[in-house]
Amino acid sequence: MTERLDKFISAQTCYTRTDIRKLLWKRKVTVDGKIIRDGEVKINPEMSDVTVNGRKIIYRDKVYIILNKPEGYVCATEDKNKKTVMELLGEDIRRKDIFPSGRLDKDTTGMVLITNDGPLSHRILSPKKHIPKYYIVKLAEPFEEKYVNIFEQGIEIDRGEKCLPAKVRQCPDCENMAFIELFEGKYHQVKRMFAAVDNNVEKLTRIQMGGLKIPEKLGIGEYMEIMHKDVENLLKTPDFEEVFSSVGGNFSSYWINK
Ligand code: URA
């Protein structure tokens with residue numbers, strides 16, 4: 001398999017076609033150690049050693065990044081006024097075709113998948129595919145046991161807008177914290193669900209998508225690329241009680257520095 005050098009650089013980085021022409025002209029591109037100034041040169045994406053500005057371009061077809069989103073960033077590729085999660089990524093991993101799969105609110109923290117895999121993103125977000133997302137919620141008022149049944153029935157959050165059945169539990173030994181599983185992602189859904197039972201969400205963090213929990217070592221604002229087997233875990237539907245008990249007594253640790 002061969003590909004034009006300029007197309008390869010364009011697909012694997014954030015450089016525009018014009019940037020690439022200039023970089024080639026300025027002798028900033030090498031292939032297997034040799035300076036190349038012709039963008040039409042054919043390379044083998046998997047075998048050729050390409051550098052731009054001294055940085056090796058590592059060939060990736062599909063990219064999967066897990067980010068621990070801080071407050072204050074929006075889940076978008078571009079925004080005129082607000083900081084986007086893409087700005088948290090280093091230059092070595094940024095490229096034009098990646099996007100956040102789904103949205104967390106600006107003030108929500110936690111697990112976000114950034115990828116260039118459109119079909120996978122669709123599978124994760126589609127309620128029909130039944131991939132759960134798990135959140136820890138800090139409430140303004142104490143959790144009430146009646147929420148368990150109300151959410152299980154599918155709560156109406158606006159006149160006529162009904163949610164799919166959702167499981168919710170009070171976090172052990174913490175009356176103001178809840179753990180919730182959702183199979184869909186309506187706008188401000190968790191906040192609107194608790195507002196519908198006259199409570200208020202003060203803090204919200206997503207800790208797991210499908211069978212993949214956010215790695216504990218991933219600090220706020222940090223990200224990591226995930227491997228193929230982890231991508232498969234994303235597509236699993238785990239047992240709610242198992243996920244809930246796997247968090248154990250660690251619920252509040254998700255708020256540290258958050
Ligand atoms: N529900 C919300 O209200 N906000 C989020 O960011 C995610 C789920």
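Predicted model: local features only at pLDDT ≥ 70, side-chain atom pairs only at ≥ 80, totals over all residues.

Me: OK, and which residue in β5 is the bridge partner of V31?

Reply: That's V50.

Me: What order do the strands of that open sheet come in?

Reply: There are four strands, in the order β3-β2-β5-β6, and the pairing is antiparallel. β3 (34-35) and β6 (55-56) are the edge strands, each pairing on one side only.

Me: Which strands does α1 lie across?

Reply: β2 and β5, and α1 runs at about 65° to β5.

Me: Switching to the helices. At what angle do the axes of α1 and α2 cross?

Reply: Roughly 125°, with the axes coming within 10 Å of each other; α1 covers residues 5-12 and α2 covers residues 17-25. The two helices are therefore oblique to each other.

Me: Is the crossing left-handed or right-handed?

Reply: Right-handed, as α1 passes α2.

Me: Which residues meet there?

Reply: From α1 you have L5, D6, K7, I9 and S10, and they meet R17, I20 and L24 in α2. By type, the residues of this contact split into four nonpolar, one polar and three charged.

Me: Now aromatics. How many aromatic pairs does the structure hold?

Reply: Nine. One to look at is F8 with Y59: the ring centres are 6.2 Å apart and the planes sit at 25°, so this pair is stacked.

Me: Where in the chain are those two?

Reply: F8 is in helix α1, and Y59 is in the loop between β6 and β7 (64-69).

Me: Last one, E175. Where is its place?

Reply: In the loop between β15 (167-170) and β16 (177-182).

Me: And what is E175 in contact with, leaving aside its neighbours within four places in sequence?

Reply: P142, F143 and Q170.

Me: How far apart are E175 and T108?

Reply: C-alpha to C-alpha, E175 and T108 are 20 Å apart in space, and 67 residues separate them in sequence.

Methods: Residues numbered from 1 in each chain as written. Heavy atoms only, no water. Axes fitted to C-alpha atoms, helices over the stretch in contact; angles between N-to-C directions. Parallel < 35°, antiparallel > 145°, perpendicular 65-115°, else oblique. Left-handed = near helix turned anticlockwise from the far one by under 90°. Contact = heavy atoms within 4.5 Å. Nonpolar A, V, L, I, M, F, W, Y, C, P; charged D, E, K, R; others polar. Pairing = 2+ DSSP bridges. Phe/Tyr/Trp six-rings, centres within 6.5 Å; stacked < 30°, edge-to-face > 60°.
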